[in-house]
Amino acid sequence: MQFEFERRVTPSRRVMMAVPFITIAITIFLSGIMLLLQGKSVGLTFYAFFIEPFESAYSISEIFLKFGPLLLIAQALAIGFRAKIWNIGAEGQMIMGAIAAGSVPVFLTDSSSIFILPAMIILGALGGMAWAAIAAFLKTKYNANEILVTLMLTSVALQVLYYLLLGPWKDPMGFNFPQTVMFQDAALFPPIIFGFRLNYSLVIPILFTIFAWIYMERRFGGFQLVVGGLAPQAATYAGFSSKGAVWKSLLIAGMAAGLAGMSEVAGPIGQLQRSVTSGYGYSAIIVAYLGALHPIGIIFAAFFLAVIHIGGDIALVSADLPISSVHIFQGLLLVTYLASYTFVNYRLKPRKVSQEQVGGASS
Amino acid sequence: MTPFEFFLAGTMSAATVFLLAALGELVAEKSGMLNLGVEGMMAVAAAVGFVVTYQTGSHILGFVIAGFAGIAVSLVFAVVSITFLANQVATGLAVGILGLGLSALIGKEHESLTITPPGSINIPILSELPFIGPVLFQQNIVVYLTILLAIMIAYCLNKTRLGLVIRAAGENPKAAEALSYSVKFIRFGSVAFGGLLAGFAGAYASTIYTPLWADGMIAGRGWIAVALVVFGTWKTGRIFLGAYLFGMVSLGELVAQSLGIGIPSQLLSAMPFIVTITVLAVISSNGARLKLHAPYALGETYDGSEPR
Amino acid sequence: MDERKLTAMHNDQSSLLSLRGLTKIYGSLVANDAVDLDVSPGSIHAVLGENGAGKSTLMKLAYGVVSPDAGEICWQGKKMDNWNTSIARELGIGMVFQHFSLFETLSVVENIALTIKGSRSELIERIKQVSREYQLEIEPSAMVNSLSVGQRQRVEIIRCLLQDLKLLILDEPTSVLPPQHVRSLFDALRKLQNNGVAILYISHKLEEIRELCDTATILRNGKVTGIIDPNKKSAHELATLMIGRDIPKIEQRQSTNKSENAILKITNLSAKNSDPFGPELKDINLSVFGGEIVGIAGVSGNGQQELGRIISGEDLRRDLPSSSIEILGQSVTNKDVTSRRDLGFSFVPEERLGRGAVPPMSLNQNTLLTAFKDGMLKNGFIQNNVVTQFTQKCITDFKVKCSGPSAAANSLSGGNLQKFLVGRELMLAPKFLFMSQPTWGVDVGAANEIRQKLISLRESGVAILVISEELEELFEITDRIYVLRSGRLSPSLTTSDVTPDEIGEYMIGETREETEHAV
């Protein structure tokens, strides 16, 4: 029997709620097969992935450390995605935020002023926004595709970082390693609990989530963005500016990504080095989708992905799982999510085969 | 070879990676499929091609299996976006992420290993010519085959019935279906062909152009290939020129080093991306022209439903 | 009952195509409910019905574009299994779609090559030959995107003629043609009939069907309500069969309340088109006074879209002289949509879904789209109770059939959504209302309600501008008419002083050469 998709009259809410769980189940199943192919113990690996992260207070705190930037960037990206502004260069905006924020302790190495950290927060946000603004400008002024531009800008941002780390900002006492000096305490977020890396930068994503919820659910500005994404012609008809939507989406995302970059260098990393982003900019794309682009859904999705990251780190040691497995898992999650989401708008229906044809085939 | 000859010869080789991938993307886009997973397809194929060539010593086998790997990854994209009707942009990104992860896994045991590149063919007499001989006529055979392929694709898309049908699917899928062409079948085929060429591009990159494996070695070249299709306004000839231009730009780093010019190497590494952004802005600013040449239904999901 | 007799007569082996009990269901809508249809060889058979009666669905079933949920299709008395377009075409069925199934960026000959085998030069020769024979002139190497709507229709017809044609299906073919060109189309169709080709002709225009067809099958709500000889029934009887009741007459009075000054004034407006093949607006002069309805007639694709967007402000042209567009004496040339609305401008576009309304959004959210200034925002926060009140009032006052304010826009029928949109715009108490194609795809009942609303709005002194393809509609409601052709506007014509044929002449243009370009 052949099947075809038939569009539902109204999207199914029931399926919509089920999609994330189905996605996770299928992804775990597919990953299990891949593990078997690699000759790994499935049980041991999944134990390391999903259970071990919760077995010590330290690793739980590490989950929340990863949760912060993922949540922050994903909330912002989701706003843009709902307006169909495809900013996939959060990674680059994050790097520029980290660089801008890092400039403060790099130049004021000895200062212990209480204004250091606030200055870094502001500069971090501005750095990310400035980088995103390039894409917004090129999109609104020259119609340049934002997917390609934001992506290319990430590669450029990486080279800017490398240049600074190998040249002017290199730690003179750092044995020629590509990194800056370690930042002074005044340039770091204080830890929430002494001895753990989890710090007060977590406040930023939480505040931003509240902002995102209010903006998308209660504010006219958010409504305008959603209209632009669903029906661009209706947005023009209603007089909502499409250029405004591009600027809003990209600047919000740039700000969030910049703040995330700042939180990393003023938090667990404590300096500028080659890997300041840990790939959060890309993972956040998956978080945004897995959370159905909804502020509440994204909270759960960000937490889940944070567990995966920590679980991956643990499995690296305890199950000898290559780090690429985490990337594959993330890729599978998104692929499966997109395929499953189809059932929200469509239902499967057996293709009509006439009686005569069946008879004809058997005779 | 003088440095200048070396530069020109290298350009042809570097351009071949871009050209192969961009030609594949062109065919997919002509059928209406915007596949942003090129980077991932190339990465997987590069890893597979390298591993096979390293293990068997056969470049040909490496290419063939890499081609299949490219097709396999492209079919993931095709199934999700054509059969399951998912958004093409998001699916392409997802497949890209998946591909990069897979390539790292496949190449893990071969990290930083090298292989000997295959010999180049010396076209008799012509390759003896001063200057242009070594530049134009002492390349690897894949370079020439790719140029030939570009001509064949241009001919096929513009002059043959097959090309007409592919363009029809990308132009107005509903009408194509009404004329009893299977849009889904055509698009599957076009995407798979794109996967095959992205696979060859990856294999060329990892076994001939720089015969070594390193995680992340595709380094954005798949994305440049996607951009090249836009630069070339979906015309094979212009894509060809664009690929050679980018081949040249990507060699800037080597040339500057060999000439001892004091430009930071990071600026040179960033150059292909800066040039891409600039050219993209220039080409796109003429929105009317872009709209005229872009396949009309590019990136649109076709669910086959009939409005009543 | 002569209808029974006709059915029986067609039931014999002589019928070319017969459809038996065809049923097609879309979601909860039964588009076709056990429909029977018989086409005899060499006849011109009409399928008559109003918008939404299921005509287009039936034709798509007949041509194999969609497959039925129940019922069977017979060709020359033989039951056909696995009916699809390629079998239909092989048997000699051709179809000209209402919204053409052509490929914009391909040339005429390439479009035809997609269905007809043969080399390019052969095809060009055959196209020329057929177009000469039926007087359907076309340039084979022209790109489709450079052709007018009428020329595109010719390409589709020629595409059908190049196959061994036995049955030609045409879906509302005259909706894109001026009256004069309708005649030449009919000539070509009669010539086809003389050559032994049967024609299945879909329309909602009674007069056309009476002029052209031998038999008519009438559809209402997806069901056959009669099979008749259209020449033996009066238009009134046909209409009753089609709609199920008498068509209500619109109450019409002469405009009495005309304002002193123009509410909308367009002066010497010229604007290039961003689409290289779209028409360029040239030297447009237009005025609309309060208390009158002004119509813009013309075949689609002659600049209606472009002019509409410039008047609404969706296409903002800052380089125009500031006197180009004035509303209530103020220049609005450089003002955006919102500022124009602030002056008392309201607009209902021709595309309801995707432009006038956001398809998956609720009616509440669609209210917010243009009525947000009506006390619905407080410091940028959406006041949901105000929105719901407005929506509820609109649903009640304008008799919108829906499940309530939270119903999605795309769950409403065309007519009900249009009533909602008109209601939304009228509740904003406009001084100037602009409507494009007010009754496209709207059932007769809703269309009449909308027209009646426009007329009573005129009485209250509002200036109304209507762009419409339907000449009958413009004659019914307007006081003055302009005709738009090739981006140029005719002088103002008083509706009571002109005939449809005179309007048709403006639609075609004076000289033969221009005709070719325009239509």
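**Figure 1. Contact between chain A and chain B in the predicted model.** This is a predicted model. Chain A brings 37 residues to the contact, and chain B brings 41. On the side of chain A that touches chain B, the elements that each supply at least two residues are strand S1 (3-7), helix H5 (116-142), helix H6 (146-166), helix H11 (280-290) and helix H13 (324-345). H13(A) has the largest share of that side, with 13 residues. By class, the side of chain A that touches chain B holds 26 nonpolar residues, 10 polar and one charged.

**Figure 2. Crossing of H11(A) and H12(A).** The crossing of H11(A) past H12(A) is right-handed. From H11(A), the contact uses A:Ser283, A:Ile286, A:Val287, A:Ala288 and A:Leu290. From H12(A) come A:Ile298, A:Ala301, A:Ala302 and A:Leu305. Eight residues of this contact are nonpolar, one is polar and none is charged.

**Figure 3. Confidence along chain A.** Chain A has a mean pLDDT of 92. In chain A, 96% of residues reach 70 or more. Residues 353-363 of chain A stay under 50. For this stretch, the model has seven contacts beyond four places in sequence. Where pLDDT is low, predicted coordinates should not be read in detail.

**Figure 4. Crossing of H10(B) and H11(B).** Helix H10 (residues 221-231) of chain B packs with helix H11 (residues 236-250) of chain B. The angle is about 135°, and the axes are 8 Å apart. H10(B) and H11(B) are therefore oblique to each other. H10(B) makes a right-handed crossing as it passes H11(B). On H10(B), the contact residues are B:Ile224, B:Leu228, B:Val229 and B:Phe231. On H11(B), they are B:Arg238, B:Ile239, B:Gly242, B:Ala243 and B:Phe246. The contact counts seven nonpolar residues, one polar and one charged.

**Figure 5. Contact between chain B and chain C.** Here 15 residues of chain B contact 23 residues of chain C. Helix H7 (161-171), helix H8 (173-178) and helix H14 (287-293) of chain B each give two or more residues to the side of chain B that touches chain C. H7(B) gives the most to that side, with five residues. The classes on the side of chain B that touches chain C are nine nonpolar, two polar and four charged.

**Figure 6. Open sheet of chain C.** Four strands of chain C form an open sheet in the order S12-S11-S14-S15. The pairing is antiparallel. Strands of a sheet pair through backbone hydrogen bonds. Strand S12 (281-289) and strand S15 (330-331) of chain C stand at the edges. Each has a single partner strand, so one side of each has no neighbour in the sheet.

**Figure 7. The S11(C)-S14(C) pair and the helix across the sheet.** Strand S11 (residues 262-271) and strand S14 (residues 325-327) of chain C are joined by three bridges and run antiparallel. C:Lys265 stands opposite C:Glu326 in S14(C). Helix H10 (residues 304-312) of chain C lies across S11, S12 and S14 of chain C. H10(C) runs at about 55° to S12(C).

Notes. Residues are numbered from 1 along each chain as its sequence is written. Chains are lettered from A and ligands numbered from 1 in the order in which they are written. This is a predicted model: local features need pLDDT of at least 70, side-chain atom pairs count only at pLDDT 80 or more; totals for chains, interfaces and linings use all residues. Two residues are in contact if their C-beta atoms, placed from the backbone, lie within 7 Å. Ala, Val, Leu, Ile, Met, Phe, Trp, Tyr, Cys and Pro count as nonpolar, Asp, Glu, Lys and Arg as charged, and the others, Gly among them, as polar. Two strands pair if DSSP finds at least two bridges between them. Axes are lines fitted to C-alpha atoms, for helices over the stretch in contact, and angles run from 0 to 180 degrees between N-to-C directions. pLDDT is the predictor's confidence in each residue, from 0 to 100. Angles under 35 degrees count as roughly parallel, over 145 as roughly antiparallel, 65 to 115 as roughly perpendicular and the rest as oblique. A crossing is left-handed if the near helix is turned anticlockwise from the far one by less than a right angle, and right-handed if clockwise.
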